[in-house]
Amino acid sequence: MGLIARVLEEAGISTVCLNMRREVAENVKPPRTLFVKFPFGAPLGPAGDLETQRGVILEALDVLVKATEPGTILDSPRLWRSTR
Amino acid sequence: MIDTEALQRTHSITREKWDPNFDWVVNDSAPWTPLRQPLTQTAMALVSTCGAYRRSLDCPFDAANYYGDPSFKEIPVDTPVRALDFAHTHYNHEHVSQDPNVAFPLDHLRALEAEGLIGRLVNPAISFTGFLPEPRQLMQETAPAAAKRLMGIGAQAALLVPC
């Protein structure tokens, strides 16, 4: 995911990545990353939890807007199912 | 440099099971394209690596390939999410099978577009399948082709969703 983000960014597209393995993002260095403590297979949250899914997208878009440093990684405060 | 035990473990397993030459990609810096307009005026693309494809319309990704499938598919953004299936053998499909929006959030992005929170949702969305221990073809061919396609349809930003 981070590799694709880097290619898009180099082409002139501002990117933000979701990520479930922070150490991978630290190595690959996508331009902007939101780390979520969710399991593989559910990057936006649990099935049917529309509020969490939308909230994660809005958090990611906030990183897109506010990040000023290449390689920024922000940690989402959300915990798995904690919002349900 | 592999700097954590978890990465070492994945490195060893991937070499044993799939690709004896696997190594993590490590970069010293990140590229940067500043967002040049407010989100409300931004043409936003969705790019997912969860292996989504349109049931009965697209040929599924070659998810069984040990070296992965570096190709991508174009998913029209008016596709009902219930028409999506997922070809990817390296994550639990429990959630995407119940609710494709957890990995390919077309409903949410269409809503954000309708509410004016993003300028527009770029059509089509782009779908890759993520397990790719040898990413050379992705980096040299398919990801640049996806970037060119997205630039050609006016994408200014992209939300990238892994699995």
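Residues are numbered from 1 along each chain as its sequence is written, and chains are lettered from A, with ligands numbered from 1, in the order in which they are written. As the model is predicted, local features need pLDDT of at least 70 and side-chain atom pairs count only at pLDDT 80 or more, while totals for chains, interfaces and linings use all residues.

**View 1. Chain A as a whole.**
Chain A holds three helices and three strands. Helices (H or I, at least four residues) and strands (E, at least two) are DSSP runs, numbered from the N terminus. Their order along the sequence is α-β-α-β-α-β. Chain A has a radius of gyration of 13 Å, close to the 12 Å from the globule rule for 84 residues, so it is as compact as a globular protein of that length. The radius is taken over C-alpha atoms, and the rule is 2.2 Å times the number of residues to the power 0.38. The C-alpha trace spans about 40 × 25 × 15 Å along its principal axes. Buried residues make up 52% of the 84 in chain A. Buried means 20 or more other C-beta atoms within 10 Å of the residue's own, exposed means 12 or fewer, and partly exposed lies in between, with C-beta atoms placed from the backbone. Of the chain A contacts between residues at least 6 apart in sequence, 51% join residues at least 24 apart. A contact requires C-beta atoms, placed from the backbone, within 7 Å.

**View 2. Helix α3 of chain A.**
α3(A) has 17 residues and reaches 24 Å from its first C-alpha to its last, close to the expected 24 Å at 1.5 Å a residue. That expected span is 1.5 Å times one less than the number of residues. Its buried residues are A:Thr52, A:Gln53, A:Val56, A:Ile57, A:Ala60, A:Leu61, A:Val63 and A:Leu64. An α-helix has 3.6 residues a turn, so residues three or four places apart point the same way. The buried residues of α3(A) pack against β1, β2 (32-37) and β3 (72-79) of chain A, together with α3 (106-114) and β7 of chain B. A:Arg54 also sits in helix α3 of chain A. A:Arg54 counts as partly exposed, with 19 C-beta neighbours inside 10 Å. Twelve residues separate A:Arg54 from A:Ala42 in sequence, and their C-alpha atoms are 13 Å apart.

**View 3**
β2(A) is mostly covered, with five of its six residues buried. β1(A) and β2(A) run parallel and are joined by three bridges. Strands pair if DSSP finds at least two bridges between them. A:Cys17 stands opposite A:Thr33 in β2(A).

**View 4. Strand β1 of chain B.**
Six of the six residues of β1(B) (residues 43-48) are buried, so the strand is largely enclosed by the rest of the structure. In a regular strand the side chains alternate between the two faces of the sheet. One face of β1(B) carries B:Ala43, B:Ala45 and B:Val47, the other B:Met44, B:Leu46 and B:Ser48, and all are buried. β1(B) pairs in the parallel sense with β7(B) (residues 157-161) over five bridges. B:Ala45 has B:Ala158 as its bridge partner in β7(B). Two bridges link β1(B) to β5(B) (residues 120-121), in parallel. B:Met44 stands opposite B:Leu121 in β5(B). Two bridges also join β1(B) to β6(B) (residues 125-128), again parallel. B:Val47 is partnered by B:Ile126 in β6(B).

**View 5. The contact between the chains.**
The contact takes 43 residues from chain A and 50 residues from chain B. On the chain A side, α1 (2-11), β1 (14-19), α2 (22-28) and α3 (50-66) each supply at least two residues. α1(A) gives the largest share, nine residues. By class, this side has 27 nonpolar, ten polar and six charged residues. Ala, Val, Leu, Ile, Met, Phe, Trp, Tyr, Cys and Pro count as nonpolar, Asp, Glu, Lys and Arg as charged, and the others, Gly among them, as polar.

**View 6. The largest nonpolar core.**
This core has 67 residues, and A:Ala60, B:Ala45, B:Leu150, B:Ala158 and B:Leu160 touch the most other members. α3(A) supplies the largest share, six residues. A nonpolar core is a set of buried Ala, Val, Leu, Ile, Met, Phe, Trp, Tyr and Cys residues joined through C-beta atoms within 7 Å. Not counting residues up to four places away in sequence, B:Leu160 touches A:Met1, A:Ile4, A:Ala5, A:Thr15, A:Val16, A:Cys17, A:Leu18 and B:Val47.

Definitions and conventions:
Two residues are in contact if their C-beta atoms, placed from the backbone, lie within 7 Å.
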